[in-house]
Amino acid sequence: MFQGQNEPVKFVQVAATVFAAALLFVSCDNSTQALSRATALHPEGRDVFEKNNCIRCHENGNGGYGKRMVDNVNLKSLDYIKTRIRVGRIMGAAEMPAFSKTTISDKELEEVAGFVRALAGWER
Ligand code: HEC
């Protein structure tokens, strides 16, 4: 192998690594910003989100076990969000539990749905 032939390969590898790191940085940054914006808009909703362990599965809107919320197009509609929380859904091995009125009151449901919608980027 000529030494010169390796250079473009190395360059591509380095460029790919830098690009991946930049993407990671941008996506983390996005969700951190989304979280603080959503918290500022809906502080009570953030409390409901933490109190009911939403954060355990959805992390800070980043996904994890539950679905990613930041930039999620499904979450434009408050009614959709509220239904998902009340009804829940099983997707293969993953389960979104249903939360009844005894766990999350209607008032808390409004608050947390607003928080989730803001987290998803539909209220700024
Ligand atoms: C035990 C883990 C778990 C907990 C706790 C949990 N979720 Fe989920 N959630 C999931 C999973 C898994 C899905 C994906 C199911 C699906 O595809 O609809 C999901 C989906 C959702 C969706 C629909 C996302 C979409 O794109 O359609 C919303 C909204 C949601 N969760 C909100 C909440 C809120 C608010 C809480 C707390 C009150 C919560 N979740 C608690 C696991 C969880």
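This is a predicted model: local features need pLDDT of at least 70, side-chain atom pairs count only at pLDDT 80 or more; totals for chains, interfaces and linings use all residues.
Local features need pLDDT of at least 70 and side-chain atom pairs count only at pLDDT 80 or more, while totals for chains, interfaces and linings use all residues. Residues are numbered from 1 along each chain as its sequence is written.

Helix H2 (residues 43-51) and helix H5 (residues 106-119) pack at an angle of about 100°, their axes lying 7 Å apart. Helices (H or I, at least four residues) and strands (E, at least two) are DSSP runs, numbered from the N terminus. Axes are lines fitted to C-alpha atoms, for helices over the stretch in contact, and angles run from 0 to 180 degrees between N-to-C directions. H2 and H5 are therefore roughly perpendicular (65 to 115 degrees). On the H2 side, Glu44, Gly45, Arg46, Val48 and Phe49 meet Glu108, Glu111, Val112, Gly114 and Phe115 of H5 (contact: C-beta atoms, placed from the backbone, within 7 Å).

The ligand is surrounded by 24 residues, the closest being Cys54, Cys57, Gly66, Ala94 and Met96 (C-beta atom, placed from the backbone, within 6 Å). Helix H3 (54-58) supplies the largest share of this shell, 4 residues.

The largest nonpolar core comprises 21 residues, and Ile85, Val112, Phe115, Val116 and Leu119 have the most contacts inside it. Such a core is a set of buried Ala, Val, Leu, Ile, Met, Phe, Trp, Tyr and Cys residues joined through C-beta atoms within 7 Å, buried meaning that 20 or more other C-beta atoms lie within 10 Å of the residue's own. H5 gives the largest share of this core, 7 residues.

Technical notes. Angles under 35 degrees count as roughly parallel, over 145 as roughly antiparallel, 65 to 115 as roughly perpendicular and the rest as oblique. Two residues are in contact if their C-beta atoms, placed from the backbone, lie within 7 Å. A residue is buried if 20 or more other C-beta atoms lie within 10 Å of its own, exposed if 12 or fewer, and partly exposed in between; C-beta atoms are placed from the backbone.
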